[in-house]
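Please look at the sequence and the structure shown below, then read on.

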Amino acid sequence: SGSERVYRIGFSQCTGGDEWRKTLLHDMKRELAFHPNYTLLYEDAANNTARQIRQVEALANQNIDLLIISPNESAPFTKVVEAIFRKGIPVILLDRKVNSELYNAYIGGDNVEIGRMAAEFVGKYLNGKGNVSEIWGLRSSSPAQERHKGFREELKKYPGIQVTSEIDGKWERDTARNVLNTSPDKFKNTNLIFAHNDVMAIGAYEVAKRNGLTDKLEFIGIDALPGPSAGMQAVADGTLKASFLYPTGGEEAIETAARILEGKAFKREQILTSIQVDAKNIRGLKAQSDKLLSQQADIEKQSQIIEQLTQTYSFQQNTLYVTLFS
Ligand code: FRU
């Protein structure tokens with residue numbers, strides 16, 4: 001109804017270029033459809049911290065009622081996010097954190113726990129013995145730090161397993177691919193590569209395959225996105241031995257924004273559940289997520305049809321009005 005208050009939500013993404021973040025934005029938009037009185041002001045920093053800081057400051061000066069942010073790195077954003085919070089603009093941190101308690105809500109997976117689950121999988125998969133390599137996400141971002149922490153802590157339970165190399169993949173498939181390309185021989189004695197996300201794991205797999213290393217080398221990642229070329233499919237194909245579901249929280253972010261804006265109670269820490277995806281459950285999970293994707297596509301098609309009908313209807317009404325009163 002036209003009398004509803006209009007709200008402006010700013011959303012600052014560290015990058016919008018990968019599948020996970022595209023899905024995140026899509027999940028938000030689906031939920032936003034229930035709030036026609038909300039406007040989304042969206043900024044994509046393309047992995048550039050300085051640019052993202054400028055974008056966030058610009059958003060804060062555009063009369064936003066709330067800020068959702070997934071900061072590229074933690075420390076450099078602490079001050080700017082605190083300043084926005086102090087101005088009275090509610091802040092929702094999504095997936096990545098800052099080094100401050102001054103925010104209204106955090107929504108994201110339990111990255112320490114996901115790292116632990118990965119180590120437990122590795123420990124069991126390698127029967128407690130072997131050499132592992134770890135491909136890091138961006139070291140200055142909180143999910144990379146937390147995934148590493150959980151992984152290393154849990155891996156201590158398997159003294160026969162060594163982490164023989166650490167690689168900087170910065171969350172990007174090409175970065176991981178390039179690093180591996182320069183010295184593939186380094187991985188001759190590696191049994192398993194754990195990457196902080198699936199795109200890096202898949203990139204590493206491609207290089208290893210080209211260098212004839214995949215007979216003795218296994219790969220695991222994190223995200224387990226559905227769709228034809230993402231982590232779920234890679235587990236189904238056996239390219240990845242495991243992945244861990246990392247929900248985007250896009251829908252929850254908009255729900256929480258709505259609760260904050262409408263003065264309702266909300267949870268400050270919203271930890272989204274993850275599960276291990278491996279050969280044992282992939283078939284069922286994939287069938288379910290494929291079904292979900294096709295249902296979502298149907299719903300989007302339906303709402304387009306409704307939109308068209310509404311336009312036709314209002315056009316007919318206008319024509320009727322013009323015919324009657326001119
Ligand atoms: C996407 C991404 C995901 C990862 C998350 C961590 O940009 O790299 O693959 O799980 O960000 O913040």
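Which residue in E5 does leucine 93 stand opposite? Leucine 93 stands opposite tyrosine 106. The sections below place this pair in its sheet and then turn to other parts of the chain.

## The chain as a whole

The model is predicted. The chain has 326 residues, of which 40% count as buried. Its secondary structure consists of ten helices and twelve strands. Taken along the principal axes, the C-alpha atoms fill a box of roughly 85 × 45 × 35 Å.

Among contacts in the chain with a separation of 6 or more, 72% are made by residues 24 or more positions apart.

## The six-stranded sheet

An open sheet is formed by six strands with parallel pairing, in the order E2-E1-E3-E4-E5-E11. At its edges stand strand E2, residues 38-44, and strand E11, residues 269-272; each has a single partner strand, so one side of each is left without a neighbour in the sheet. On average, and with direction ignored, neighbouring strands of this sheet are turned by 15° against each other.

Several pairings can be followed across the sheet. Strand E3 (residues 66-70) pairs with strand E4 (residues 91-94) in the parallel sense over three bridges, and leucine 67 stands opposite valine 91 in E4. E4 is in turn joined to E5 by three bridges, and these two strands also run parallel. Four bridges then join E5 to E11, again in parallel; here isoleucine 107 stands opposite glutamine 270 in E11.

Is strand E5 (residues 105-109) largely enclosed or open? Five of the five residues of E5 are buried, so the strand is largely enclosed by the rest of the structure.

In soluble globular proteins, nonpolar side chains tend to be buried together. In this model the largest nonpolar core holds 76 residues, and those touching the most other members are Ile68, Ile92, Ala118, Ala201 and Ala204. Helix H7 (residues 198-210) supplies the largest share of this core, seven residues.

What does isoleucine 92 touch, apart from its neighbours within four places in sequence? Isoleucine 92 is in contact with Leu66, Ile68, Asn104, Ala105, Ile107, Ala253, Thr256 and Ala257.

Proline 90 lies in the loop between helix H3 (78-86) and E4. Proline 90 counts as buried because 20 C-beta neighbours lie inside 10 Å. Beyond its neighbours within four places in sequence, proline 90 is in contact with Leu66, Asn104 and Ile260. Alanine 230 is 140 residues from proline 90 in sequence, and the two are 34 Å apart in space, C-alpha to C-alpha.

## Two residues with positive phi

Most residues other than glycine have a negative phi. Aspartate 95, in the loop between E4 and E5, has a positive phi near 65°. Aspartate 95 is buried, since 27 other C-beta atoms lie within 10 Å.

Aspartate 223 also has a positive phi, near 130°. Aspartate 223 is placed in the loop between strand E9 (218-220) and helix H8 (231-237). With 29 C-beta neighbours inside 10 Å, aspartate 223 counts as buried.

Where is arginine 139 placed? Arginine 139 is in the loop between strand E6 (130-136) and helix H5 (142-155). Arginine 139 is partly exposed, with 13 other C-beta atoms within 10 Å. Leaving out residues up to four places away in sequence, arginine 139 touches Ala144 and Asp168. The C-alpha atoms of arginine 139 and alanine 45 are separated by 18 Å, while the two residues are 94 residues apart along the chain.

## Around the ligand

The model includes a ligand with 14 residues around it; Trp20, Pro143, Trp171, Asn197 and Tyr246 come nearest. How many residues of the shell are nonpolar, polar and charged? Five are nonpolar, four are polar and five are charged.

Notes: Residues numbered from 1 in each chain as written. Predicted model: local features only at pLDDT ≥ 70, side-chain atom pairs only at ≥ 80, totals over all residues. Near = placed C-beta within 6 Å. Nonpolar A, V, L, I, M, F, W, Y, C, P; charged D, E, K, R; others polar. Core = buried A, V, L, I, M, F, W, Y, C linked by C-beta atoms within 7 Å. Buried ≥ 20, exposed ≤ 12 C-beta atoms within 10 Å, placed from the backbone. Contact = placed C-beta atoms within 7 Å. Pairing = 2+ DSSP bridges. Axes fitted to C-alpha atoms, helices over the stretch in contact; angles between N-to-C directions.
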